[in-house]
Amino acid sequence: MAYFSYKDLPIYFGTAADGGGLGANDANSKMVFAQQVQLNYTPNIAPTRLLGKTPTKDNFNLAGPPSASLSFSCYVDAGEFDPTDYTGDVGNVGSYFAIGGGANGITGSGAYLTSFSYTLAPYQPVLVQCDFAIYQPLTTTNVGGKIGTGANTDWVDSTDFSTYAHGAYSVFSGQGQAATQTLNDISVYESIQYQFSANRMPIYEIGDYGPSVVELMTAEHSLSIQGDNIQKLVPLTGSNPGKLNLLLKNAAGDTCFSNAVDGRITAENVSIQGGDLARGNITITELLK
Amino acid sequence: MALDGSHEEYIIINNTLLNAVQNVSFSQNVNESPISTLGNECAGTAIGAPTTVTAAIDKFLLNQEFMQTLTGLTDISGQFEYGDNILDFTTGVINGYSVAASVGELPQISFDLNIYGTLTGGGASIRSSASSEPAIQEVPQDGLIVTFDKGGTNSVQSFNFSETFNVQPIYGLGQDTPSHISIVGPINQEATISMEVEDYEPEDTFSFLDSAKARNRTIQIEISGSSVLNTFALENAYLVDESITAGVGDTMVANLTYRGYKKV
């Protein structure tokens with residue numbers, strides 16, 4: 001046993017199976033510029049007690065599919081991992097991932113995006129928080145089921161200053177016009193928080209460990225905008241300010257990915273404290289499914 | 001042409017050429033940090049905050065101080081000329097200044113500016129079109145009058161006064177300069193007086209709990225040449241610190257610190 005340094009554990013995401021060989025040289029995979037990652041795996045077994053029998057250490061039965069999830073926060077560029085590739089109805093197979101490389105790391109499949117969020121702020125690089133649910137059983141063998149020595153650091157793509165999406169270069173606008181024309185009482189956007197969430201239902205068939213169908217049940221996304229003011233107070237039923245676009249750009253001018261929210265204002269807040277300026281915050285939510 | 005010396009250095013603020021300048025400094029601190037990602041220890045760098053640009057100016061306080069009239073402004077511009085070189089800046093804000101006067105020395109004033117606009121070289125000199133500060137006057141030792149509440153028999157050796165401003169720049173998304181700059185009150189003032197002890201006694205420890213304790217004291221320094229040039233006074237002044245020090249072979253010294261606060 002040994003500790004492994006973060007530099008030896010790149011993360012890759014793929015959309016197709018190719019024998020667990022996800023990596024920089026694999027056309028099916030995208031690298032994740034992850035700042036941190038957490039893999040949670042809990043087999044769903046329950047104690048089973050029988051009348052007339054003293055329980056033993058083996059008296060556990062499978063009570064449902066394992067609970068597994070993968071969460072990470074990452075920087076984004078224009079060519080590698082893009083969370084918007086995973087937001088919709090992505091089929092019944094899900095995504096493939098590898099932590100540390102196929103031969104010397106943990107690999108898995110059946111990953112479905114349940115939420116992702118980021119904050120866009122001036123002079124701040126964009127860090128995207130992604131949460132995936134894993135509906136397929138994870139490999140439990142020595143290959144693909146544990147982190148071993150000799151991870152493939154040469155898989156890592158070269159990166160530099162101009163790569164990452166950053167608040168200094170990103171654009172917030174209305175549909176075909178300045179955002180100030182859509183949100184006409186707010187002229188300074190101090191920060192914008194984007195949040196996507198989805199509920200997915202895996203359907204298992206008798207005799208299978210993995211789901212045969214994964215349905216996208218509901219999905220919505222929202223913007224929370226902090227600025228110098230709010231829209232005028234909206235009616236109880238909310239109001240639609242119009243379509244708002246977020247273009248996450250890097251120093252090279254590339255759009256790393258974008259989001260468009262055309263929803264209703266569901267919350268408006270004003271906060272003021274002594275020694276500070278009054279700030280407004282509005283939340284706009286759009287139902288996607 | 002190379003710079004020959006400080007006699008070829010000029011600082012112009014809001015189109016006024018400053019007199020009696022002793023030191024000028026400009027600095028830029030770029031807030032760029034390395035990024036480390038899983039699988040890559042050196043994954044480039046990223047800007048994490050606006051570049052901090054500051055300027056500091058130290059002057060003898062021998063005329064009617066022009067710079068003090070710029071406090072509260074959020075659009076100060078200027079030029080530093082040194083030899084054939086020009087350094088222009090825009091959108092400066094004074095975030096604090098201090099005045100120091102002591103026995104046997106000329107009074108000095110020091111200003112600190114944050115620069116939220118550009119700091120660039122290569123422009124043309126504006127010195128010939130700049131106006132001048134009020135003329136320097138002779139300030140005698142008795143032209144410095146300190147007013148405080150501990151009795152005239154205790155000889156004041158030094159007086160330091162400062163004002164600090166709470167400057168809040170707000171950056172909008174995708175903008176490299178602030179879209180809004182505010183100076184949010186109160187303005188914090190502080191004065192420190194050092195004096196030779198004759199009949200001074202510290203104030204009672206628990207008197208500070210008494211609402212009747214003076215919290216609007218007159219603490220100021222007045223600097224005069226042929227007439228009064230400058231007055232620096234605390235508002236709503238209260239005592240926050242006092243100490244006395246005695247040592248063999250030395251006189252007894254007391255140090256008093258007062259704070260005040262005033263509206264923007």
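This is a short tour of the structure, stop by stop.

The model is predicted: local features need pLDDT of at least 70, side-chain atom pairs count only at pLDDT 80 or more, and totals for chains, interfaces and linings use all residues. Residues are numbered from 1 along each chain as its sequence is written, while chains are lettered from A and ligands numbered from 1 in the order in which they are written.

**Chain B, whole**

Select chain B. Its C-alpha trace spans about 65 × 55 × 40 Å along the principal axes. Colour by secondary structure: there are 18 strands and zero helices. Helices (H or I, at least four residues) and strands (E, at least two) are DSSP runs, numbered from the N terminus. Of the 264 residues in chain B, 27% are buried. Buried means 20 or more other C-beta atoms within 10 Å of the residue's own; exposed means 12 or fewer; partly exposed is in between; C-beta atoms are placed from the backbone.

**The cores**

Next, select Val32(A), Cys74(A), Val76(A), Phe97(A) and Ile192(A). In the largest nonpolar core, of 70 residues, these touch the most other members. Strand E7 (residues 106-120) of chain A gives this core its largest share, seven residues. Another core, of 45 residues, lies apart from it; among its members are Ile12(B), Val53(B), Ile219(B) and Leu239(B). A nonpolar core is a set of buried Ala, Val, Leu, Ile, Met, Phe, Trp, Tyr and Cys residues joined through C-beta atoms within 7 Å.

**A sheet in chain A**

Show E10-E9-E13-E14 of chain A, the strand order of an open, antiparallel sheet of four strands. Strands pair if DSSP finds at least two bridges between them. Strand E10 (177-178) and strand E14 (255-261) are the edges, each pairing on one side only. Now zoom in on strand E9 (residues 171-174) and strand E13 (residues 244-249) of chain A, joined by four bridges. Pick Val171(A): its bridge partner in E13(A) is Leu247(A).

Most residues other than glycine have a negative phi, and most peptide bonds are trans. Go to Asn15(B), where phi is positive, about 65°. Asn15(B) sits in the loop between strand E1 (9-13) and strand E2 (16-17) of chain B. Is Asn15(B) buried or exposed? Asn15(B) is exposed, with 12 other C-beta atoms within 10 Å.

Move on to Ala20(B), whose phi is also positive, near 60°. Ala20(B) is in the loop between E2 and strand E3 (21-29) of chain B. Ala20(B) is partly exposed, with 15 other C-beta atoms within 10 Å.

Last stop: Gly185(B) and Pro186(B), joined by a cis peptide bond with omega about 0°. Pro186(B) belongs to strand E14 (residues 180-196) of chain B.
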